[in-house]
Amino acid sequence: MKLHSPLRLLAALSLAGASFFAQAASSDVTVAYQTTVDPAKVAQADGAYEKATNAEIDWRKFDNGADIIAAIASGDVQIGYLGSSPLTAAITRKVPVETFLIATQIGAAEALVARDGSGIKTPQD
């Protein structure tokens, strides 16, 4: 997968997310979120996710992505909404996480950097 083709990633991973919520329909799920301005907050506020999945969702607010990753790693939270930096840090530390939705593309506003001599040339490395 190429780093510059996130739309294909979004399509594939969104299916995984839908599958997770379908499985969760008969049980509770805890979703970590941060205060952001995005359309998903409207669906969160009016209960649309609960209606669409028939799941009881415990929405838990966190102040930063690192705390969300810690909650996911502990099993306290099943799904988290966080930025790419804490997600990348978790992946490099072998925290067992999966990405199933990329909510926002910020393009050239961020980059993944590897130390010279690391041998890392592509995202797959």
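Contact is taken here to mean heavy atoms within 4.5 Å. The model is predicted, so local features are reported only at pLDDT of at least 70 and side-chain atom pairs only at pLDDT 80 or more, while totals for chains, interfaces and linings use all residues. Residues are numbered from 1 along each chain as its sequence is written, and side-chain values use heavy atoms, with hydrogens and water left out.

Confidence comes first. The pLDDT is the predictor's confidence in each residue, from 0 to 100. The chain averages 78, and 78% of the residues score at least 70. Helices (H or I, at least four residues) and strands (E, at least two) are DSSP runs, numbered from the N terminus. Confidence is lowest in helix 1 (residues 6-24), with a mean of 43, and highest in strand 2, at 94. Over residues 1-19 the pLDDT is below 50, and this stretch has 16 contacts in the model beyond near neighbours in sequence. Where pLDDT is low, the predicted coordinates should not be read in detail.

Phenylalanine 62 has contacts on several sides of the sequence. Leaving aside neighbours within four places, phenylalanine 62 touches Ala32, Tyr33, Gln34, Asp67, Ile68, Ala71 and Val77. Phe62 also belongs to the largest nonpolar core, whose 6 residues include Ala32, Ile68 and Val77. Such a core is a set of buried Ala, Val, Leu, Ile, Met, Phe, Trp, Tyr and Cys residues joined through side-chain atoms within 4.5 Å. Buried means under 20% relative accessible area, exposed over 50%, and partly exposed in between (1.4 Å probe, protein chains only). Helix 4 gives the largest share of this core, 3 residues. A second, separate core has 5 residues, among them Val29, Val31, Ile57 and Ile79.

Helix 4 has a buried side. Its buried residues are Gly65, Ile68, Ile69, Ala71 and Ile72. They cover an arc of only 160° around the axis, which puts them on the same side of helix 4. The arc is that of the directions from the helix axis to the C-beta atoms. An α-helix has 3.6 residues a turn, so residues three or four places apart point the same way. The buried residues of helix 4 pack against strand 1 (28-33), strand 3 and helix 5 (84-92). The face turned away from the buried side carries the exposed residues Ala66, Ala73 and Ser74. At the start of helix 4, a side-chain oxygen of asparagine 64 comes within 3.2 Å of the backbone nitrogen of alanine 66. Glycine 75 follows helix 4 and has a positive phi, near 90°.

The structure holds 3 salt bridges. A salt bridge is a side-chain nitrogen of Lys or Arg within 4 Å of a carboxyl oxygen of Asp or Glu. Arginine 60 pairs with aspartate 58 at 2.8 Å, N to O. Arginine 60 also bridges to aspartate 76, where the closest N and O atoms are 2.6 Å apart. Aspartate 76 lies in the loop between helix 4 (65-74) and strand 3 (79-80), and arginine 60 in strand 2 (residues 56-61), so the pair ties together parts that are 16 residues apart in sequence. Lysine 61 and aspartate 63 form a salt bridge at 3.2 Å, N to O. Lysine 61 is partly exposed at 44%, whereas aspartate 63 is exposed at 66%. Shared partners join Asp58, Arg60 and Asp76 into one salt-bridge network.

Note on methods. A polar contact is a pair of N or O atoms within 3.5 Å; within protein, one must be able to donate a hydrogen and the other to accept it, and residues adjacent in sequence count only if both atoms are side-chain atoms.
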